[in-house]
Amino acid sequence: MDKIERHDAGISRRAFLRRGAGLALVAGLPGWLSGCVTRPGSGSPPWAELAASLQGNLLLPDAPDFRQVAAPWALQYASRLPQAIAMCASEADVRNSVLWAQAYDVPLVARSGGHSYAGYSTTPGLMINVSQMHSVDIDPATGVARLGGGARNRNVYAACRPFGRAVTHGRCKEVGVAGLVLGGGIGFNMRAHGLTCDGLKETRIVLADGRALTCNARENSDLFWACRGAGGGNFGINTGFTFETFEVGDYTVFDLAWSDRLPEVFDALQAMALSAPDALGMKLSVVARAGTPGLTLSILGQLAGTRDQLDALLAPVFAVQRPSKQTIESMAYWDAQEFLSEEGYPEYSHERSRFVPRSLSPAAIATILDELRAWPGTSVAATWKFFLMGGAIDRLAPAQTAFVHRGNAMISSIELEWTAQDPRERVERNQLWLSRFHDRMERYTSSYCYQNFIDPAQQDYLHAYYGENLAKLREVKRRHDPKNVFRYPQSIPV
Ligand SMILES: Cc1cc2nc3c(=O)[nH]c(=O)nc-3n(C[C@H](O)[C@H](O)[C@H](O)COP(=O)(O)OP(=O)(O)OC[C@H]3O[C@@H](n4cnc5c(N)ncnc54)[C@H](O)[C@@H]3O)c2cc1C
């Protein structure tokens, strides 16, 4: 283990320099940094020292791509900018950044895909950005996939396709695998193959004291447990992930919509979904859209099976009401994912989730439809949706990983979208509506919420995200980050 000197404030400045991290400075600044080092006035931390310790670039606010790199997916938080961004090229860069920030009392945060719903991957201090560490290597003999800590769904799609293999990934290509897997990870494969975190075999993590640990079922198993459902931003910075992949063949994908007899269609779809084989992955949405009268109910998803098998599943629903729009196609898995995927461009939105233990009652369905009909309206849309759970997710007990929400029928959420053109009062009126709707749904669903749909408005969020696993998570936090270096407004406290 490395010897690390400390003083009261944490890692000492002398220790950081002695480890060689700051010494390159005497040889002069790298070319790319000249013109970037600004404001060396009193109190300004020595950015040049950090820059010299990195293999990757250090971006300061006057760097041409600073704003673009700093921008979060959630546009309402775009004005919260860091003082600098360390574009890490290696685990050593992550380690040097973590130690340097503590040596100079600069707050730090990890950034991978930048898709935190609450904009939590930014800080007034140093953003430690691992997005350039996005390699994905698959061993053809074992099917094991090794990912850099900054890989995105997009990189997984590209690397897995030639091998005809997959993991449980998300639909949005720009989402970071780090955020996805560390908070659980839902996707259309989860009922057949488990959550993203269920396929994780090993991860590397840089801790506050600068150690880089391998975590798996045998080594540092407490951290490995925590990284499967509660790892995002709480314990350290993950620099690599090892997944088991599974083979994929032909799939049938579907995208269907209804605008009539919505309560009956909802009920029939729910009954079909809750008794469907694990090969079905499905999302149901009810949307109120600006400028469009009435509501639209739609389903999107995949069946690891044939068109005939899907038709048989949907027959009872079609007997109630035929869809007004229908696309059903059979194709190879990775073509199917292109059909299902979305780019996930930055937007203004607020999403509030609830896990649902069992089938929604007619009263719950009526509440959903009534609330959406009473949507005050923005220039975009409001959506209530559920993602079908069950199947392989429930093969593990809630305490076996930090993802406590096993045994649920679905995860539901309400998404409110708007644009910069919507006046502030209108957005506030919509936010009030969203809060009331979210509160009203608790009696039909549960008090648990998805930690990856992280929600700055959620009351009692530690219980909502981690339930009975919270006490153990706090122990892991105390053991590995006793000074609470890794923190954000809803992080796990020491
Ligand atoms: C358009 C969109 C689509 C989505 N689709 C899905 C989906 O299909 N399934 C699903 O489960 N979720 C989905 N989500 C939610 C998503 O999983 C979370 O928002 C996730 O946290 C995003 O990860 P990120 O790396 O992109 O985000 P970031 O904003 O970079 O990070 C999220 C959190 O993790 C921390 N973090 C980032 N990198 C690291 C690291 N290397 N080590 C430790 N901590 C780190 C950050 O500090 C922050 O607290 C979606 C979100 C969006 C916006």
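**Close-up views of a helix pair and a ligand site**

**View 1. Packing of helices H12 and H13 in the predicted model.** Helix H12 (residues 362-373) packs with helix H13 (residues 424-441) at an angle of about 175°, and their axes are 11 Å apart. Angles over 145 degrees count as roughly antiparallel, and H12 and H13 are therefore roughly antiparallel to each other.

**View 2. Residues in the contact of H12 with H13.** From H12, the residues are Ala364, Thr367, Ile368, Glu371 and Leu372. They meet Trp433, Phe437, Arg440 and Met441 of H13. By class, this contact of H12 with H13 has six nonpolar residues, one polar and two charged.

**View 3. The shell around the ligand.** There are 31 residues around the ligand, and those that come nearest are Ala110, Ser112, His115, Ser121 and Tyr450. The shell divides into 14 nonpolar, 15 polar and two charged residues. At least two residues of the shell come from each of strand E5 (108-111), helix H6 (177-182) and strand E12 (237-244). H6 gives the most, with four residues.

View 4. On its own the ligand has 950 Å² of accessible area, of which the protein covers 93%.

Conventions: Residues are numbered from 1 along each chain as its sequence is written. This is a predicted model: local features need pLDDT of at least 70, side-chain atom pairs count only at pLDDT 80 or more; totals for chains, interfaces and linings use all residues. Side-chain values use heavy atoms; hydrogens and water are left out. Axes are lines fitted to C-alpha atoms, for helices over the stretch in contact, and angles run from 0 to 180 degrees between N-to-C directions. Angles under 35 degrees count as roughly parallel, over 145 as roughly antiparallel, 65 to 115 as roughly perpendicular and the rest as oblique. Contact means heavy atoms within 4.5 Å. Ala, Val, Leu, Ile, Met, Phe, Trp, Tyr, Cys and Pro count as nonpolar, Asp, Glu, Lys and Arg as charged, and the others, Gly among them, as polar. A residue is near a molecule or strand if one of its heavy atoms lies within 4 Å of it. Accessible areas come from the Shrake-Rupley method with a 1.4 Å probe; for residues, only the protein chains shown count as cover.
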